[in-house]
Amino acid sequence: MKHISIHWFRKGLRLHDNPALLAAMTDCRTLYPIFILDPWFPKNIRVSVNRWRFLVESLRDLDESLQKLNSRLFVVHGCPTEVFPVLFKEWKVTRLTFEIDTEPYSRQRDREVVRLAAEHGIQVIQKVSNTLYDTDRVIAENNGKVPLTYVRLQTLLVALGPPKRPVPAPTLENLKDCRPPCKDNHNAEYGIPTLEELGQNPEQAGPRLYPGGESEALCRLDLHMKRTAWVCNFQKPQTEPNSLNPSTTVLSPYIKFGCLSVRTFWWRLAEIYQGRKHSNPPVSLHGQLLWREFFYTAGAGIPNFSKMEGNPVCVQVDWDNNPEHLRAWSEGRTGYPFIDAIMTQLRTEGWIHHLARHAVACFLTRGDLWISWEQGQKVFEELLLDADWSLNAGNWQWLSASAFFHQFFRIYSPVVFGKKTDRGGEYIKKYLPFLRKFAAEYIYEPWKAPRSVQEQAGCVIGRDYPKPIVVHEVVSKRNVERMKAAYARRSASTTAQLEGRGGKKGNDPLALTWSCSVAWPLKLGTDCEETIQSSPPLERHHG
């Protein structure tokens, strides 16, 4: 029997390396490729107009690609568990396919959808393609426990072998016997909404530096892969957080939305590495994809991964509640030009370098403002084009020294760190143009300039630009002591629990994360840009 198939696009907004889509096309007489605008996401997740624009562009590109296969994308509005029973009946569906998602809401949603499909006698096919490996299998290989260090993950993956190779993109041959279900009123009924229809104001969007879509993703990948020497010599810690043009690939938004397959990226790199001397994980481009895998695995297996409370690997810290400081940080008005320039770039462009993410994350949490990483996580969730639940949560925990990385005494200076790669402050001048007339000696600390210099520069501190929100040299020392106290409480609690069970400290399943002084607190993410990505030995950036 020929199937009437629905392929449900979610994160994998592409045709290449989409095994679930190919499964939908097999023995198929009618294919409905759909994308559901689920109201749960805008109700529970902050989304900036820049990211909405990226999504809309990605959907348009996907629809155009499907049209070349004599198909169309069907955009449906509503809760999936309410939408599917209607579509199953209306379209007489016999098969449903989709890519596996590991996030908590997605898993709960998918279980319910699978149950509904079974009630309607519909075959369901799920495929792994959003990650290099099946995260559940990785955890199973680790005796049912999440690997809590990068090195442990590497060991497990060596045993599992290389990632699966990407599958080819579908062709007209795949759909030669498939009847297009589209009607003349397709755009009116199932068309891609505009930003206005999504409740967004296009005029509030920033510059369109990173257009969404698979076509753009593959074009950018090809351009980078032509830089053979650069790819082979790439070491994430040696890239610059404040270069005027990105010093990394900026492929992370495309991997986040699935416009670019992570397996395709991996194997393109493998082809270039073959027979050539090249950098290695964790600093190489392969290493960055493994950081992404690390946090995806952690997010899939650790309860309450995006929260402090109820998260078994997270240090419980008595963070302050200071809404005004949080707003000042998120809006780029802390009085520290390097921090404010980064947050301005983030708010306008939707992307910042991973070391820039380090600097502002440390400043918000353990470095200066002592505000919970959960609050920073929400801001990044809203503003980053590449905001990805697992990466965002994992990197914020890392940079706040709440989990995975525990050298809390290593602090990023909001002054010294930026000077290392941009002594003249050209990056600051680009994003904070009202400071552009300050000389290099004052650009990072304009409050130290004499009043006459400030007036000559046309920017008086305290009037035209805020004074520093805190004194870094004072609060950073105090915060180190507060972190030390939080660690002491955690250690005492762990010891008491183990003694209550008659165990020893060495039997603590989390002991590895406490004793682990990871040599390279790198970042973890697609191309290492994902969200807060970590970096090389932090002492290099200690101010």
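Asn143 sits in the loop between helix H6 (135–141) and helix H7 (150–160). Helices (H or I, at least four residues) and strands (E, at least two) are DSSP runs, numbered from the N terminus. The model is predicted: local features need pLDDT of at least 70, side-chain atom pairs count only at pLDDT 80 or more, and totals for chains, interfaces and linings use all residues. Residues are numbered from 1 along each chain as its sequence is written, and side-chain values use heavy atoms, with hydrogens and water left out.

Asn143 has a positive phi of about 60°, although Asn143 is not a glycine. Most residues other than glycine have a negative phi, and most peptide bonds are trans. Asn143 counts as exposed because its relative accessibility is 70%. The classes are buried (under 20% relative accessible area), exposed (over 50%) and partly exposed (in between), with a 1.4 Å probe and protein chains only. Ala401 also is not a glycine and has a positive phi of about 60°. Ala401 lies in the loop between H18 and helix H19 (416–419). With 0% relative accessibility, Ala401 counts as buried. Gly332 follows H14 and has a positive phi, near 70°. A cis peptide bond links Pro281 to Pro282, with omega at about 10°. Pro282 belongs to the loop between helix H12 (262–273) and H13.

An unreviewed UniProt entry places the feature "domain: Photolyase/cryptochrome alpha/beta" at residues 3–132. UniProt positions are given in the numbering used here, feature names are shortened, and annotations may be inferred rather than shown by experiment. Residues 3–132 are 45% helix and 24% strand. The end C-alpha atoms of this stretch are 29 Å apart.

An open sheet is formed by five strands in the order S3-S2-S1-S4-S5, with parallel pairing. Two strands pair if DSSP finds at least two bridges between them. Strands of a sheet pair through backbone hydrogen bonds, either parallel or antiparallel. Strand S3 (74–77) and strand S5 (123–127) stand at the edges. Each has a single partner strand, so one side of each is left without a neighbour in the sheet. From one strand to the next, the twist averages 25°.

Strand S1 (residues 3–9) and S2 run parallel and are joined by seven bridges. Ile4 stands opposite Thr30 in S2. S2 pairs with S3 over four bridges, again in the parallel sense. Here Ile34 stands opposite Phe74 in S3. Strand S2 (residues 28–37) is mostly covered, with nine of its 10 residues buried. Helix H3 (residues 49–67) lies across S1 and S2 and runs at about 170° to S2. Axes are lines fitted to C-alpha atoms, for helices over the stretch in contact, and angles run from 0 to 180 degrees between N-to-C directions.

Helix packing was examined for H13 and H18. Helix H13 (residues 285–301) and helix H18 (residues 389–399) pack at an angle of about 95°, and their axes are 8 Å apart. H13 is therefore roughly perpendicular to H18. Angles of 65 to 115 degrees count as roughly perpendicular, under 35 as roughly parallel, over 145 as roughly antiparallel and the rest as oblique. H13 contributes Trp291, Arg292, Phe295, Tyr296 and Gly299 to the contact. H18 contributes Trp389, Ser390, Leu391, Gly394, Asn395 and Trp398. Contact means heavy atoms within 4.5 Å. By class, the contact of H13 with H18 has six nonpolar, four polar and one charged residues. Ala, Val, Leu, Ile, Met, Phe, Trp, Tyr, Cys and Pro count as nonpolar, Asp, Glu, Lys and Arg as charged, and the others, Gly among them, as polar.

In helix H14 (residues 323–330), the buried residues include His325, Leu326, Ala328, Trp329 and Ser330.

Glu349 is part of helix H15. At 11% relative accessibility, Glu349 counts as buried. Not counting residues up to four places away in sequence, Glu349 touches Asn50, Pro207, Leu209, Tyr210, Leu385 and Tyr431. Gly199 occupies the loop between helix H8 (186–190) and helix H9 (214–225). Gly199 counts as exposed, at 61% relative accessibility.
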